[in-house]
Amino acid sequence: MGTGSDSDSNGWGRARGLVVKAAFLIGGAILLKRLTKSTTRWDHARIVADSLSGEKFTREQASRDPDNFFNIRMLTCPAAEMVDGSKVLYFEQAFWRTPQKPFRQRIYMVKPCPKELKCDVEVSSYAIREVEEYKNFCDRPKDQRPLPDEVIGDIGEHLTTIHLKRCERGKRCLYEGSTPPGGFPNSWTGATYCTSELAVLKNNEIHTWDRGYDDDGNQVWGVKEGPYEFKPAPMSSFNDTFSLNFPPPQTMEKRIEVSKTSGSFRLAALCWGSGNKCNMLYWKHLEGRFRVLIVGV
């Protein structure tokens, strides 16, 4: 007499089991699809833009090799976004003891590579028209910075473009690349063209290597030993009184003069344009001649 009831219960149990299994399979399929979803072209551009952003130093490298590398502060932050979604970043470099006096200021534009090129991300650098208004841009409150529309309007001369590819598995880097063969025009200290290399590593570490060459292919500025290695630094670095390369400003001139006498180091200043704006050139006497290590351009 209880057979019908037991049969119904078993049927409902089996039905519920099938529903649970189906839901589990569907949910698993959706989760797997999300986990295995391919990274889009714009995802790559966002990752590179995020990695470039922030405050980084070459302190460790300068400590290891003070003869060839300075301790430099690199500061980059979002400044605007183009209509097509390209990320516009403000970039500056300064010696770590004088961050308020950047020797290099740029606008970076980060976007996916054109589909016809075999690369993932394109990073282009531009001069800034009203460059003095952008000094310490990232250090200021947002309401004291030029507005995004103003930033876009102040994008000046195109300087370089680097094409980045995803790094192969097992390498330290996430992305790496360089300027196209032949580089881009450059006239500093006898150069006719310049090249740039860029590597984006894990933990937001950035390696950059900029060099200038003359018509004969001789390197006339930039380090020969390898790229600058910029690493995010702890906040304590601002209060660290240990100097790697740069004595306090009041003693720098004395150090430079002594170095001039020894013939091993030289500082020069070039002034041009409205207001006689001066940029510093730091030279090192290597291989029988002075060579530019840092160009304040």
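Reader: Which residue forms a salt bridge with Asp50?

Author: A salt bridge is a side-chain nitrogen of Lys or Arg within 4 Å of a carboxyl oxygen of Asp or Glu. Asp50 makes one with Arg46, and their closest N and O atoms are 3.6 Å apart. This is a predicted model, in which local features need pLDDT of at least 70, side-chain atom pairs count only at pLDDT 80 or more, and totals for chains, interfaces and linings use all residues. Residues are numbered from 1 along each chain as its sequence is written, and side-chain values use heavy atoms, with hydrogens and water left out.

Reader: Where do Asp50 and Arg46 lie relative to each other?

Author: Helices (H or I, at least four residues) and strands (E, at least two) are DSSP runs, numbered from the N terminus. Asp50 and Arg46 are 4 residues apart in helix 2, so about one helical turn separates them.

Reader: Is Asp50 buried, partly exposed or exposed?

Author: Buried means under 20% relative accessible area, exposed over 50%, and partly exposed in between (1.4 Å probe, protein chains only). Asp50, at 46%, is partly exposed, and Arg46, at 39%, is partly exposed.

Reader: Which residue forms a salt bridge with Glu229?

Author: Arg64 does, with the closest N and O atoms 3.0 Å apart. Glu229 lies in strand 12 (residues 228-232) and Arg64 in helix 3 (residues 59-64), so this pair ties together parts that are 165 residues apart in sequence. Glu229 is buried at 19% relative accessibility, whereas Arg64 is exposed at 55%.

Reader: How many salt bridges are there by this rule?

Author: The count is 13.

Reader: Which residues touch the most other members in the largest nonpolar core?

Author: A nonpolar core is a set of buried Ala, Val, Leu, Ile, Met, Phe, Trp, Tyr and Cys residues joined through side-chain atoms within 4.5 Å. The largest one has 26 residues, and Val48, Leu52, Val110, Val123 and Leu164 touch the most other members. Helix 2 (residues 41-52) gives the largest share of this core, 4 residues. A second, separate core has 16 residues, including Cys77 and Phe137.

Reader: How are the rings of Phe95 and Phe103 placed?

Author: Rings of Phe, Tyr and Trp (its six-membered ring) pair if their centres lie within 6.5 Å; planes under 30 degrees apart count as stacked, over 60 as edge-to-face and the rest as tilted. There are 9 aromatic pairs by this rule. The ring centres of Phe95 and Phe103 are 5.1 Å apart and their planes are at 40 degrees, so the pair is tilted. Phe95 is buried at 8% relative accessibility, and Phe103 is buried at 10%.
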